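Subject: Structure handover

Hello,

Here is the structure we talked about.

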Amino acid sequence: MNTSTLLATLAALVVLGNGLKCYSGCGMTKKGSNDSVPVSCNSATQQDCGEGQVCAYGNYSFNVGEDNVPWKIEQATCSENNNQTVLCDVAKETWTPRDGVYSDWECSIKLCNTTLCNSHGFTARVSLIIFSGSAFLLGLF
């Protein structure tokens, strides 16, 4: 492989990988004993995050009403804030009923700052796989 092709390939990888891309809008909501229909984290749910944002994946659970109907919510998004306490407070304000009774609020938010790192379970880093595959195909290794 000639040097100019190698440099052009590396430059394209740097330019295309310049911004942080996270999953957004995927996850699942489960209300009571109803089956949840998760929204998969895939190419349709990818979002280019703004400058200074990080990827986040939140897990929230709480009970609603006098019957204590359990809710469980998982959600991926880009976040401007990297303070988990603040993010949990915002989620609580967003998800719990304003005029209803709720209890047993639990919140867990995982933050990361590599491309597509915020799917359920934090799957393998796609950018590393793409780079490794490209390097192998181009004969760098």
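The side chain of N118 reaches two backbone oxygens. One of its polar atoms lies 3.0 Å from the backbone oxygen of A56. The backbone oxygen of T77 lies 3.3 Å from a polar atom of that N118 side chain. A polar contact here is a pair of N or O atoms within 3.5 Å; within protein, one must be able to donate a hydrogen and the other to accept it, and residues adjacent in sequence count only if both atoms are side-chain atoms.

This is a predicted model: local features need pLDDT of at least 70, side-chain atom pairs count only at pLDDT 80 or more, and totals for chains, interfaces and linings use all residues. Residues are numbered from 1 along each chain as its sequence is written, and side-chain values use heavy atoms, with hydrogens and water left out.

Back to N118. It sits in the loop between β6 and α3. Helices (H or I, at least four residues) and strands (E, at least two) are DSSP runs, numbered from the N terminus. N118 is buried, at 0% relative accessibility. Buried means under 20% relative accessible area, exposed means over 50%, and partly exposed is in between (1.4 Å probe, protein chains only). Leaving aside neighbours within four places in sequence, N118 is in contact with C22, Y23, C55, A56, Y57, A76, T77 and C112. Contact means heavy atoms within 4.5 Å.

Next, the sheet. Four strands form an open sheet in the order β2-β5-β4-β6, with antiparallel pairing. The edges are β2 (27-31) and β6 (102-112); each has a single partner strand, so one side of each has no neighbour in the sheet. From one strand to the next, the twist averages 15 degrees. Two strands count as paired if DSSP finds at least two bridges between them. Strands β4 (residues 54-64) and β5 (residues 69-79) are joined by eleven bridges. In β5, V69 is the bridge partner of V64. Helix α2 (residues 84-95) lies across β4, β5 and β6, and runs at about 135 degrees to β6. For such angles, axes are lines fitted to C-alpha atoms, for helices over the stretch in contact, and the angles run from 0 to 180 degrees between N-to-C directions.

Most residues other than glycine have a negative phi. N68 is not a glycine, yet has a positive phi of about 55 degrees. N68 is in the loop between β4 and β5 and is partly exposed, at 39% relative accessible area. L116 also has a positive phi, near 55 degrees. L116 belongs to the loop between β6 and α3 (126-137). At 5% relative accessibility, L116 is buried.

Now the charges. How many salt bridges does the structure hold? There are two. A salt bridge is a side-chain nitrogen of Lys or Arg within 4 Å of a carboxyl oxygen of Asp or Glu. K21 pairs with D48, with the closest N and O atoms 3.4 Å apart. That pair links distant parts of the chain: K21 is in strand β1 (residues 21-23) and D48 in strand β3 (residues 46-48), 27 residues apart. K21 is partly exposed at 27%; D48 is exposed at 56%. E74 and K72 form a salt bridge at 3.6 Å, N to O. E74 is buried at 11%, and K72 is partly exposed at 33%.

Last, the rings. The structure holds three aromatic pairs. Rings of Phe, Tyr and Trp (its six-membered ring) pair if their centres lie within 6.5 Å; planes under 30 degrees apart are stacked, over 60 edge-to-face, and the rest tilted. F62 and W71 are stacked, at 6.1 Å centre to centre with 10 degrees between the planes. F62 and W105 are tilted, at 5.5 Å and 35 degrees. F62 lies in β4 and W105 in β6, so this pair ties together parts 43 residues apart in sequence. F62 is buried at 2%, while W71 is partly exposed at 24%. Ring pairs link Y60, F62, W71 and W105 into a cluster.

Best wishes
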